[in-house]
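Please look through the sequence and the structure shown here before reading on. The report below takes up a few of the details.

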Amino acid sequence: MYMRINGAEVPSASAGWRDVLNPATGEVIDTIPDGTSEDVSVAVDSAESAFLKWSEKTMRERGALLFRAATMVRDDHKRLARLLTMEQGKPLREAIDEVRGFCNILEFYAGLSSQPAGDAVRLNSQGDCMVMNRPLGVCGAVIPWNMPVLIMGWKTAPALLAGNTMVLKPSSTAPLTVLSLSKTLEDAGIPHGVLNIVTGRGGSAGEAIITHPSIQKVSFTGSCATGCRIRELAGSRNKDLLLELGGSDPMIVMNDADVPKAVEGALRGRFYNAGQVCTAVKRLFVHQDIAESFISQLKVRVESLHVGNGLDPQVEMGPLNNRQQYDTLSGIMKSVKENAEGTILTGGSPLTGEGYDNGYFFEPTLVGDVAEDSSLLTGEIFGPVLPVVVFPDLDTAISQANRSPYGLGASVWTSDLATVKQVFQDVHAGIVWVNRHVTVPPEIPFGGTKESGTGRENGYRALEGYTRTKTLFLGW
Ligand code: NAD
């Protein structure tokens with residue numbers, strides 16, 4: 001596939017190409033241009049040229065186009081979901097969820113298009129003010145491979161509705177569905193140049209987006225390490241910045257929890273998308289009164305997961321997305337075993353054998369008796385490995401949960417309101433779920449604290465994040 005700039009399919013000025021692999025089979029499914037800063041400049045020029053006309057449309061007109069795009073994507077969801085599974089690895093039903101989630105995001109923002117884009121302030125004898133929310137101009141977005149479609153929606157829908165144009169770079173290991181969706185958005189009537197997709201490496205195309213002088217705001221989702229680099233680059237150029245970074249969400253299961261429901265919550269929370277979700281359950285804390293029964297029920301469910309190629313309708317967990325991810329997780333588990341950082345309750349190794357040999361498959365894994373300083377508890381494990389910690393009381397669970405440098409999400413499983421109140425008040429997180437984990441519908445603000453980033457996506461507030469107020473003061 002080509003890049004998409006100003007409504008056209010274009011190769012890179014570098015003339016270089018990169019393979020996109022199917023992580024379940026190792027086969028090359030397509031190639032993408034290895035974009036450079038030159039390509040980014042062309043894309044930014046195109047976004048700048050499109051800005052005036054796009055920003056002069058009414059919000060209602062822009063919303064109508066987003067709504068039409070959502071309808072067209074829904075009509076085409078089977079093809080798009082299949083493409084997403086092939087490049088990303090997730091089971092088809094999860095890919096369908098993700099494509100539908102993208103449509104929900106477009107429709108949610110389209111629904112906000114009749115909101116007033118500003119307000120009036122009366123100052124009596126001094127005069128009156130009109131405070132107008134105006135678009136920023138050209139925005140840059142850089143996104144990861146784990147949920148490329150959903151995250152594309154989180155960034156493009158509010159930015160475009162507010163009247164901005166955008167240059168977006170997908171990850172090189174999951175760029176195809178994003179490219180295909182950008183064409184559908186144009187087919188729905190969004191003018192050429194409003195959304196431009198440049199493929200390429202982070203250090204070249206990615207940094208060129210972050211540093212381009214015409215880019216007003218940078219919205220980034222990815223790892224903390226890249227986030228730090230981007231903070232430096234964008235901060236020193238005084239750009240608006242939204243950073244959605246890593247997480248190591250705790251799930252706290254109290255002794256009054258509905259155990260079967262919490263077992264299913266932990267299973268979905270950790271093994272959905274093979275554990276490659278920023279808000280996955282990455283540390284499980286179970287009250288000692290129910291620990292034995294809870295862990296044995298969870299182990300049965302983990303061992304029953306059907307792992308394989310996501311295109312197979314029976315499959316519940318696919319491969320990891322890429323070689324680097326696979327090698328990192330394999331290395332972490334090797335070190336956990338060698339240094340006796342915990343007891344492997346099930347799994348713990350790459351999956352090999354018939355059907356698995358050419359893909360990046362890893363066993364769904366549970367680890368008990370985890371050492372406090374194990375990277376399973378101190379870092380972000382982006383794969384199907386769940387460390388389980390048994391705790392004696394809520395205060396201990398909260399202090400253990402807060403020992404992480406991250407603060408994205410957290411959940412508590414209980415029937416007691418006082419417990420909910422304490423967890424909500426004291427756990428470091430941008431969102432606290434009760435008897436649930438992971439779900440992030442477009443209506444609610446989403447983002448983290450501590451090393452998990454700054455700023456919020458989703459909800460009506462995100463729309464304001466893609467605007468700048470300008471005030472007209474009328475002194476009568
Ligand atoms: P990554 O940081 O390696 O890459 C993300 C994107 O940044 C890719 O497009 C990459 O090409 C680009 N990039 C890399 N270096 C860059 C640079 N120097 N300048 C500009 N762009 C650069 O992350 P990943 O491995 O693709 O994704 C996994 C990470 O993303 C995990 O840490 C996960 O928790 C996080 N994540 C966070 C959220 C959230 O909303 N908080 C959502 C999904 C994923």
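Predicted model: local features only at pLDDT ≥ 70, side-chain atom pairs only at ≥ 80, totals over all residues.

## Lys-282

Lys-282 belongs to strand β13, which spans residues 281-287. Its relative accessibility is 0%, so Lys-282 counts as buried, the cut-off for that class being under 20%.

Two backbone oxygens lie by polar atoms of the Lys-282 side chain: that of Val-277 at 2.9 Å, and that of Gly-247 at 3.1 Å. Leaving aside residues up to four places away in sequence, Lys-282 also touches a number of others, among them Ser-248, Asp-249, Arg-270, Glu-380 and Phe-382.

## Helices α3 and α6

Helix α3 (residues 77-88) and helix α6 (residues 176-187) have axes that come within 8 Å and cross at roughly 155°. Angles over 145 degrees count as roughly antiparallel, and α3 and α6 are therefore roughly antiparallel to each other.

On the α3 side, the contact involves Arg-79, Leu-80, Leu-83, Leu-84 and Glu-87; on the α6 side, Leu-176, Thr-177, Ser-180 and Leu-181. Sorted by class, the residues of this contact between α3 and α6 are 5 nonpolar, 2 polar and 2 charged.

## Helices α2 and α6

Helix α2, residues 59-75, packs with α6 at an angle of about 130°, their axes being 8 Å apart. The two helices, α2 and α6, are therefore oblique to each other. The crossing of α2 past α6 is right-handed.

From α2, Ala-69, Met-72 and Val-73 make the contact, and from α6, Leu-181, Thr-184, Leu-185 and Asp-187. The contact of α2 with α6 comprises 5 nonpolar, 1 polar and 1 charged residues.

Definitions and conventions. Residues numbered from 1 in each chain as written. Heavy atoms only, no water. Helix = DSSP H or I, 4+ residues; strand = E, 2+ residues; numbered from the N terminus. Buried < 20%, exposed > 50% of the residue type's maximum accessible area, 1.4 Å probe, protein only. Polar contact = N/O pair within 3.5 Å; in protein donor to acceptor, adjacent residues only side chain to side chain. Contact = heavy atoms within 4.5 Å. Axes fitted to C-alpha atoms, helices over the stretch in contact; angles between N-to-C directions. Parallel < 35°, antiparallel > 145°, perpendicular 65-115°, else oblique. Nonpolar A, V, L, I, M, F, W, Y, C, P; charged D, E, K, R; others polar. Left-handed = near helix turned anticlockwise from the far one by under 90°.
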